[in-house]
Amino acid sequence: MSELTTLSIEAAAAGLRAGEFTAAELTEAVLARSAAVEPTIGSYLLETPEQARAMAAAADARLRAEGDAAPLLCGIPGALKDLICTAGVRTTAASRMLETYVPFYDAHVAQRLKDAGFVLTGKANLDEFAMGSSTETSAYHTTRNPFCPDCVPGGSSGGSASSVAADQAFFSLGTDTGGSIRQPASMCGVVGLKPTYGRVSRRGVMAMASSLDQVGPFARSVRDTAAVLEAIAGRDELDATSSARPVPAYREACGRDVRGLKIGVPREYFAEGVEPAVAAAVRAAVEQLVSLGAEAVEISLPHTEYGMSTFYVLMSSEVSANLARFDGIRYGVPREGGTMWEAYSNTRGQGFGPEVQRRIMLGTYVLSAGYAEAYYVRAQKVRTLIRDDFATALAEVDAIAAPVSPTTAFRLGERTDDPVVMYLSDVLTLPCSLAGLPGLSVPCGFDGEGKPIGLQLMGAHWAEETLFSLAYALEQSTDWSLAANRNRIRVGDAQ
Amino acid sequence: MTDSAAQSLITEEQVRQLAWLARLTLTDADVAHFTDELGKVLAHMERLAEVDVEGIEPTAMAVQAEGNVVRADVPRPACAQETILANAADTEAGCFRVRAMLEESA
C-alpha cells in the first residue's frame, strides 16, 4: 500500500474516517518508505518509530471515539526540525553541545500537534543551531536532495524539506530566520511558509535570533501547508510576541479567486547572480498568475542590496546573546578545564562547530564598545528602511513575487569554503525576514538538470491567506507540484 | 576590496580577545582561519556605511507589538526539581554543582 504515503493530508484524513485504512497502517507505510530512502537522503537526526507506533495507536482509538470530530491531523505522520524541543525525545540542534540533551517539555508547536493527534516520524536534520544554508554545518551528517543526491537540500531546515519531498512524512515543521524554510522548500520542490513574525509561538524552539525566528510548515501541496498552519498558529500565553489575532481558516483561502489581485515584481530581485533558469521560471509563474486574472506590475525595493549586511549584523548580535546560555552546566556536554572560565571556554570551544563560533564572535564584535553604533545601531536603522520599502510597495500591491534562491540546489561541499558565498544563498529571503512579513515558497518549475525552482510570494503582515490563494491558483493550473513530479525523485523506486 | 585590505579589518589579536569574551577556546589555526573569514564578512558589512540613515529610527522588532502583555499573577504547577536537574552533568543536594568562581586567597 505504498500509495498511502503520497496522499494529501485531507485525503488521508478522509480515508482514516471512512475506515479504508488505520493510522497504524498509514504509519507503517511511511516507516517502510523511510527505511527505503533514508540511507540515501539522511533527512533525520533521530527517527522515532516506537513513538510513531504508539501515537498511531492512540490516534486510531481517538478516531474511533470521535469520528469526524477528531482534528484533521489526527493520525497524520509529520517530522519536526531538531531545533524544536520534544519532551522525552533527544533534541540536539544538530550540535555536539546538545548530543545528550533530552528536553522535559514540548515546544508549543509540538504540543499543538500532539493535541491534534499527529504521529511523530522523527527529528529532522538542520544546520547546527539553524546556522547555515545547506544543512552541511550539522555536526552529525549531511542530508541529500531527493531530486539530486549530489546536491544539498538547502538549509537550515534541510531535513524538514527533504523528508517531505521524499514522502518520509506528510508534513514537517521548520524554522526560518532569514530563509531557512523558504530556501530548502524551493530546492526540494515542496511548499514552505514562513508566517508573519508572531503568528506562531516560538516557545520551546531553541532561539537563534529572537527578533527574526519564526516556525512554519513544509508540505507537498498548498492546501496541506494551510492545514498545518491552522493547527500551529495562534496565541501562546508563554510567548509574549505571539499574536492574539484570530487564526483564519487558511484552507478556505485555497481556491479563492485571484482575479484583480495586484502582484509586484521587484526589479532588484532579478539582479546579477540570479541564474537565468531561475529568473525565467519565476517570470513564467508570474505570467501564469496574470493569465488567471491577476495583474503584475514592476516595483522597486531600493534597499534590497543592504539586506545581507543588515541581517548578518543583527542576526549575529542576537546569536551571541542567545547562545551565551550554553555553558555545559544545566544541560549540554561539559568539558574539563583548570578554572571555571577555562572549563566554560573548552565546553564552548569543543561543543560548537565553526559556523556557530564565527557568528558568536561576529556578534560579540559588532556589539562591542566602539563598534556598536557603527554596526548594530546602523543596521537597525537600515532595517527600518527595508521595512519601509515593503510598506510602500504593499500599499500599492497585494503581494510581491520573486525568486526564493538565486540558484537551484548546489553541490555538496561547493560553498563550504567561503562564508560570504554561502550567505549569498539567502540574499533574496533575508529582507522579508527583516520586515517580519510572511513569505511562501511554491514550486514553479525545474532547471535543465531537473532541479526544482521556487517562487517566493511575500505579503503584508498577517496576509498569509493572500499568499495561499495565489500559490494554490498557480499549483492547480500548472504541473509543477511535487505530486506531478515524483518521477524526478532520484531515490527509492526511481533510483 | 582586496583580500589583504579585507583582512586588515580585524587582527588575530582582536580575534583572540573576542574568543575570550565569548568563552570559546580556539587553537592557533582556528584563530588564523577566523581572522581571515571574519575579515571577509566585515568587509561586506562595511557597505552599511553607504546608507544615509540620518533621522531614521532604529527597528528592534518589525511587527508592531499589540500592547503590553500581562496575565494574572496566579501560582501554577511547575516541573519537579529532579526533572530540571536531569540534564545536568553535576548536581548536589538538589542544586546544579559548578566550579568555584572566586579564588580562595587574595
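Mentor: Angles under 35 degrees count as roughly parallel, over 145 as roughly antiparallel, 65 to 115 as roughly perpendicular and the rest as oblique. This is a predicted model, where local features need pLDDT of at least 70 and side-chain atom pairs count only at pLDDT 80 or more. Residues are numbered from 1 along each chain as its sequence is written, and side-chain values use heavy atoms.

Trainee: Why are helix 2 and helix 3 of chain A called roughly antiparallel to each other?
Mentor: Helix 2 (residues 23-41) and helix 3 (residues 49-66) of chain A pack at an angle of about 155°, with axes 8 Å apart. The cut-off is over 145, so the two helices are roughly antiparallel.

Trainee: Which residues meet between helix 2 and helix 3 of chain A?
Mentor: With contact meaning heavy atoms within 4.5 Å, A:T27, A:E28 and A:L31 are among those in helix 2 of chain A, and A:R53 and A:D60 are among their counterparts in helix 3 of chain A. The contact residues divide into seven nonpolar, one polar and three charged.

Trainee: What makes the aromatic pair of A:Y101 and A:Y331 tilted?
Mentor: Rings of Phe, Tyr and Trp (its six-membered ring) pair if their centres lie within 6.5 Å; planes under 30 degrees apart count as stacked, over 60 as edge-to-face and the rest as tilted. The centres of A:Y101 and A:Y331 are 5.5 Å apart, with 55° between the planes, hence a tilted pair.

Terms used: Chains are lettered from A and ligands numbered from 1 in the order in which they are written. Axes are lines fitted to C-alpha atoms, for helices over the stretch in contact, and angles run from 0 to 180 degrees between N-to-C directions. Helices (H or I, at least four residues) and strands (E, at least two) are DSSP runs, numbered from the N terminus. Ala, Val, Leu, Ile, Met, Phe, Trp, Tyr, Cys and Pro count as nonpolar, Asp, Glu, Lys and Arg as charged, and the others, Gly among them, as polar.
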